[in-house]
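Dear colleague,

I am handing over the structure below, and after it you will find a short account of what was found. Please read the two together.

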Amino acid sequence: MAAELDAAAGALLSVWEAARERTTSRLSGPQLRAVMVVERHDGINLRRLAALLDMLLSSASRLCDRLVAAGMLEREPGRLDRREIALHLTPEARRLLTELRQDRRRRLADVLAGMSGEGRDALLRGIREFDRVARERESTAARAAERPVLAPPSARGAVDDPVARSA
């Protein structure tokens, strides 16, 4: 099924890519993904962004540096912890995403007009379910990335070792 979906989704992806190339030619694919994640999670911190993009923290930081320089992102000190940086879209980024979506919707409408009503309905039902499951998995992965990692007991020192305490 995954191979069949991959093959069938090629046309959908090419419609999306054509819209992306037309409206976001100055952003790379990973940069556009980052902008879209920040749009969905306004005020996101760098660690969570890295987790959602499945990137190393250092790579996400460099990506954000480039987006700030391009006028797409703004950094703001966190409200609760001033050391933490919150990321927000600039008006330019919002305008760019609006243009991208308008172009993409025009292109999709053109293709959908050639489909039967039954086919359009089935496609929409399937895509909605796919979206729901993908978002649930994304959310689970992000929560897992935010959990603190505890060192193994042997690395925490003798205080946590019952044998050491009794000596």
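**Surface, fold and a nonpolar patch**

The accessible surface of the protein chain comes to about 11,700 Å², and 56% of it belongs to carbon and sulfur atoms; accessible areas come from the Shrake-Rupley method with a 1.4 Å probe, and for residues only the protein chains shown count as cover. Please keep in mind that this is a predicted model, in which local features need pLDDT of at least 70 and side-chain atom pairs count only at pLDDT 80 or more, while totals for chains, interfaces and linings use all residues. Residues are numbered from 1 along each chain as its sequence is written, and side-chain values use heavy atoms, with hydrogens and water left out.

The protein chain has 8 helices and 3 strands (DSSP runs numbered from the N terminus, helices being H or I with at least four residues and strands E with at least two), and from the N terminus on the order is α-α-α-β-α-α-β-β-α-α-α. Of its 167 residues, 23% count as buried, that is, under 20% relative accessible area, with exposed meaning over 50% and partly exposed in between.

Leu12, Leu13, Trp16, Leu112, Leu123 and Ile127 make a nonpolar surface patch of about 490 Å²; such patches join nonpolar side chains (Val, Leu, Ile, Met, Phe, Trp, Tyr) within 5 Å, from residues with over 30% relative accessible area and no salt bridge (a side-chain nitrogen of Lys or Arg within 4 Å of a carboxyl oxygen of Asp or Glu). Helix H2 (10–23) and helix H7 (117–146) each supply at least two of the patch residues, and the largest share, 3 residues, comes from H2. Leu112 lies in helix H6 (residues 91–112) and counts as partly exposed because its relative accessibility is 31%.

With regards

Note on methods. Patches are made of residues with over 30% relative accessible area and no salt bridge: like charges are joined within 9 Å, nonpolar side chains (Val, Leu, Ile, Met, Phe, Trp, Tyr) within 5 Å. Buried means under 20% relative accessible area, exposed over 50%, partly exposed in between (1.4 Å probe, protein chains only).
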